[in-house]
Amino acid sequence: MMIDKNKGLPEEILNLPESSFEMVQTDEIKDEKFKTKPIGFFKDALLRLQHSKISIISFWIILSIIILALIVPNITGFTYTEQDLAKRNLPPKIPGLENIGIADGSRVLTNRKKDSLSDTNRYPEGSIIEIVREYESKGVAMVDVKVDAYALAGIEDDVYHWFGTDYLGRDLMTRLFKGVRISLIIAFFSVITNVIIGVIYGSICGYYGGKVDMFLTHFAEVLDGMPYIVITILFMILLGSGMLSIILALCITGWIGTARLIRAQFYRFKGREYVLAARTLGVPDVKLIFRHILPNCIGPLITRAMIAIPGAIFSESFLAYIGLGIKPPEPSIGILLSDGQSVLLQYPYQTLFPAILISVLMIAFNLFSNGLRDALDPTRRGEE
Amino acid sequence: MVKYILKRIGAMLLTLFLIMTLSFWIIRLMPMSIFENPATPPDIQKLLMAEMHLDKPLFVQYLYFIKGVVTEAEFGTSVQIRPGMDVFEILASRIPPTVLLNIMSLLISIPLGIVFGTIAALKRNKATDNIISFLIVICISVPSFVFASVLQYVFTFKIPIFPTLYDTQAATFAGTMHSLLLPIIALALGPMATIARYLRGELIETLSSEYLLLARTKGLTRTQATVRHAFRNSLVPIANTIIPLITGIMGGSLVIEKMFAVPGMGGLLIDSIMAGDHFLTVSLLIFYSTISLITILIVDISYGIIDPRIRVGGGK
Amino acid sequence: MKKNKLVALILAALFVLMTLAACAPTATSDPTDAPEATDAPEATDAPDATDVPEQSDSEGKVYRTYLTAEATTLNRQDNVDTYPDTPMSYCSSYLYRTYPTEDGKGYQYIPDLAAELPIQMDEEGYVWQIKLREEACWHNGEPINADTWMYTFRMYLDPILANKMAGMFSEYILNGYEYFMQGTSNTVAWEDVGIKKIDDYTLEITFADTKTQFSACTPFNGADVSPVYEPLYEAGMNESRTETAYGSTLDNWMGCGPYYFDTWTYNSIHIYKKNPNYWLADLFNYDTVEVRIIPEMNARVELWEQGMLDSLTPDANTLEIYLDDSRLVSYPSLSVYHIDINCKNPTNPISGSVAYRKAMYHAIDRETLAQYIFGHMTPSGVYVNELAGIESENHETYRESSYGKAVTDMVESWGPYGYSPEMALDYLKQAYAECNVSEDTVITIKFAVDETDSAWKACAEFFQQEFPKIFNNMVQVEIVTYAGMSATDFKSTGDDKWDFSPNDWTRGASRIYPHQCFYYYLSSYGGSPNNYFDEEFEAQFAVCETPEIKNDYEKLLPEVQKLEEIYLEKVIQIPVVQVINYELFSERIQLPVSTYIPGFGWGFIYGDIVE
């Protein structure tokens, strides 16, 4: 049978000249083109993050604490190791605030003999502000007296220790922000190490499955079954104090969560059609893992790492608190907290500032990672 | 079902065995001597070592240890913390205060967490929610030992309405609780906030689901619908958060027990590690691990009962 | 389905709680230990309750004190900690107890479990008889007689049991040390040891040295020589008789003292109740003694402030608050804090040089350390403590004697308490020259300190700033911390791990023999904290130990001076501060003495409560 080339149309219609055609609609097409650029996953997440006020605030808090940690130790005029035993345990004194009675470098000395107040060797002129309480004990006149601790220690008027000084007369503000720096470094490095180990471990488990998975998962389970704080303490004892040992100790069990997360993600994605397609095309395992499957896990991974940072800061301060810290004279938030704790009754401000700072830092990190989790949640794409 | 439970128990025992092995090796490889007394004649020292099999290679010691644990539930004898006392007996004397402390703080934190989480979810994005959410974050963020020292400073030193230390001699349970309240609160805040946060998230998700809409159209009030339908469904995953909570509380109580002089496990663990009392440390590790494994097992099994689909996947 | 979930959830929660709770009862019923004391009624229900009416209605006089750590065991024979001494002193007893003299300025021995002071049996004073108190009995009413004591001493010195405290005691007794140290060799029989039973209420002791009536009492005063209760001691014994669990709990311990050990809540509180049937009951005034275990300093201060403690030992920071307080008293201690130096550190090229040790000796600003870091203690450039010699026959301490003063004067001539940056630098340069180290080498001194020791850590941080200044940056300090092990253990991990190791404990310090504090720095002592030994020093120590010098204080003093001079010449270790003890007493407590009596203390146990 012959094929009708012209589909049954008459010859003259097929050969119509172009000039005989005319546009029906001459103005523009109503169906507009997208003016905006297409929004990718991360851009969308960023947009959502920007709409969350709390996340933004906490982001700025974190950033400013980091900046303070970088700047403050260099501009206070003191170094974090500079000691002066004559001016140890000074209370806070802040220019400006001192005039309204807060942080004016005064403190109350209790249980002093009244007649000793006139002894200018002990109380230089101008150091006594007022007598708070007078009483008698075993026939001796006693007083609680408010003194200018700076004058008492014989320091010039223009010296200010904003957060006071510690048991060796070191400036606490310098030490605190230096300590923040160290705590953050410990937190970042331990989290990064944990993520790397976790990703590799989890990928292997999740990608290969079967016996490999069973063995590796069980091993992780065993490690996880042991109380992590005990393991960390034991490793700290084994490794000795120091920044590196803390980071290592925090890595002993810290990676398990990440590994578990990655493994679960792999199980979800490794059966997808596009992965099968890539596999049939002969893409090697390593490329499959890192190029095709792992990118799916980045969202939860970032969230997890973010949540792990305050956890690491906490663990570090916990270790320091029970006496397993970094090497002196380096400070860390935990070291300052535990030093402060031992003089809580005498010099409460030495605990106050590190406690406030660690709390603010932890709150900011938690709020920010909350926001990040919401923003990176794929089910909420496009939500405002 | 029975088969599933047996399988889980089997897996747990295997894990426990491996943990035991790992604990033994980690601790015994520490550079500490058990008998440190230069005044003891060397041959007596050897005799003492032989008595505890310390003169043999580590692997043989390990076999003795495993044999003792498996056949006679014999964990060894303490040498430093309470010389001559059976390790098991020491644990027995220390467990009650710790358990009391931990259970009380769980008993406080779980209901309170549920209440706050529910309120926050119901008042979503309103002032109440914002305040609760903020408090939740504070409670999660601030380390429990910071809470504890603030509480101790304020309520026992500045405003002395609570005793400074745990009172083991209190005549009544109320008296005991009075002295234990501050550590309980310090320990309970974190878990409470964790539960509240989790529940809030779960509830918000359920509240926007279709079946709840149906319940509302049936004529139930918002509260009725929430309590009867949404609430139950959201409670189930909470069980999952309880595992880390229990282990978390145990970690937190290490320091807090010491601060309030609670004669529990926390201080014992740190002391025994620091004193190099190996047998005791190993047993403590095993004890803590057993607790967390049992918790995992229970949650796993209860999941299996609730949702047979999970059983197939084996808990992961 | 939903109901199922809830039920399951509740079940799960219950299960968790139950397993947690179940641990307690199952564990306590464990039968491994706790011997059944069938023949011994419980210590606590022993009083006949005929003459104790006040026990029921009111608590009476309660003395409230604390311990910083719990007693690990009540078997003081095998425990070197001092924590058990508190319960032992109240609830157990000795042959002779110390008691202040009439004038309240000194102390004497009074017979307690003994009936009278020792009776001299030979001319030289080697052999003494001790008459035992016939009414003495355990808290369960069983008598304490010569057999009890023979068993106690035999077990105490048993070579296989190897009790940790026995070394010291064994040296008092003829052949005691030989018997105790023989190990498994069976060369010395128990019959050769100088402790004999004469009759049911008489013991005969043959000492290794001659004794006076006073010094014959000394070995028998102390918690370690309290009698042990045979049935429980035997019941706690392990199969190979290398250890006994005696004293690990109240169930396997028996008291015999002025107080019953009423309650022992481990790591929390001890409660002692007065034993009205006690033969010396008149000496004791408190009806109840409460001892809390409070590890945290802050908690102790809080309780003290609330009036819930009758005494408090303030630490350096707490001391600041109470400096002027009329309730504060101070008295010197037997301890001199010091720093051991490693002379064999392979990573420190000058560690073997004596000039290096001298440089370190002179580089320590003891005044600053004593005042600020250790808190109002006395700086000390010498090692023999302020109390050494106070119990010698003429009651003059070595430090106050012209010989001791000569040494302190020499130290002062170098600088305040030996501190002299110039000399330090000179000696360091000399050490560099001796060891052929070029002057631009920087020496790093590893200061090994326990993690939890905040005072020494602060001290190390202070050196970290000071040493580079003193030594023109030729020396720097690295702080090495360790945890979970003793200093000895840490040092044994390697000679390259440490240069300085602080030491709080003046071991073997004696109130009679000034030279004895050096005993632990001899090569003959196996557990020496130091690895530097000097022949001249050891020879001089041996001179001090010869009986005719040791027992004649006038002859001993110049020899000790020589010894201390050698010690300083070679810098065996570096003395830092003489410890001063501080103590706060509440106003309601009345002590039996007006001043601190060395060797006796404040006599809390004989105190009274005056409201």
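The following legends describe close-up views of a predicted model. Local features are reported at pLDDT of at least 70 and side-chain atom pairs at pLDDT 80 or more, whereas totals for chains, interfaces and linings use all residues. Residues are numbered from 1 along each chain as its sequence is written, and chains are lettered from A, and ligands numbered from 1, in the order in which they are written.

**Figure 1. The contact between chain A and chain C.** On chain A, 27 residues are in contact with 28 residues of chain C (contact: C-beta atoms, placed from the backbone, within 7 Å). Strand S1 (residues 106-113) of chain A gives the most to this side of chain A, with 4 residues. Helices and strands are DSSP runs numbered from the N terminus, with helices being H or I of at least four residues and strands E of at least two. The side of chain A that touches chain C comprises 11 nonpolar, 11 polar and 5 charged residues. Here Ala, Val, Leu, Ile, Met, Phe, Trp, Tyr, Cys and Pro count as nonpolar, Asp, Glu, Lys and Arg as charged, and the others, Gly among them, as polar.

**Figure 2. The two domains of chain A.** Domain 1 spans 93-152 and domain 2 spans 172-380, with bounds taken from an automatic or database domain assignment. The C-alpha centres of domain 1 and domain 2 of chain A are 48 Å apart.

**Figure 3. Helices H5 and H6 of chain A.** The axes of H5 (residues 172-208) and H6 (residues 210-225) of chain A come within 7 Å and cross at roughly 140°. Axes are lines fitted to C-alpha atoms, for helices over the stretch in contact, and angles run from 0 to 180 degrees between N-to-C directions. From H5(A), Tyr201(A), Ile204(A), Cys205(A) and Tyr208(A) meet Gly210(A), Val212(A), Asp213(A), Leu216(A) and Thr217(A) of H6(A). By class, this contact has 6 nonpolar, 2 polar and 1 charged residues.

**Figure 4. The surroundings of Leu244(A).** Leu244(A) lies in helix H8 (residues 243-269) of chain A. This residue counts as partly exposed because it has 13 C-beta neighbours inside 10 Å; buried denotes 20 or more other C-beta atoms within 10 Å, exposed 12 or fewer, and partly exposed the range in between, with C-beta atoms placed from the backbone. Leu244(A) and Ser190(A) are 54 residues apart in sequence, and their C-alpha atoms are 9.4 Å apart in space.

**Figure 5. The helices of chain B.** Chain B has 12 helices and 0 strands. Of its 316 residues, 50% count as buried. Among contacts in chain B between residues at least 6 apart in sequence, 72% join residues at least 24 apart.

How values were computed:
Contact = placed C-beta atoms within 7 Å.
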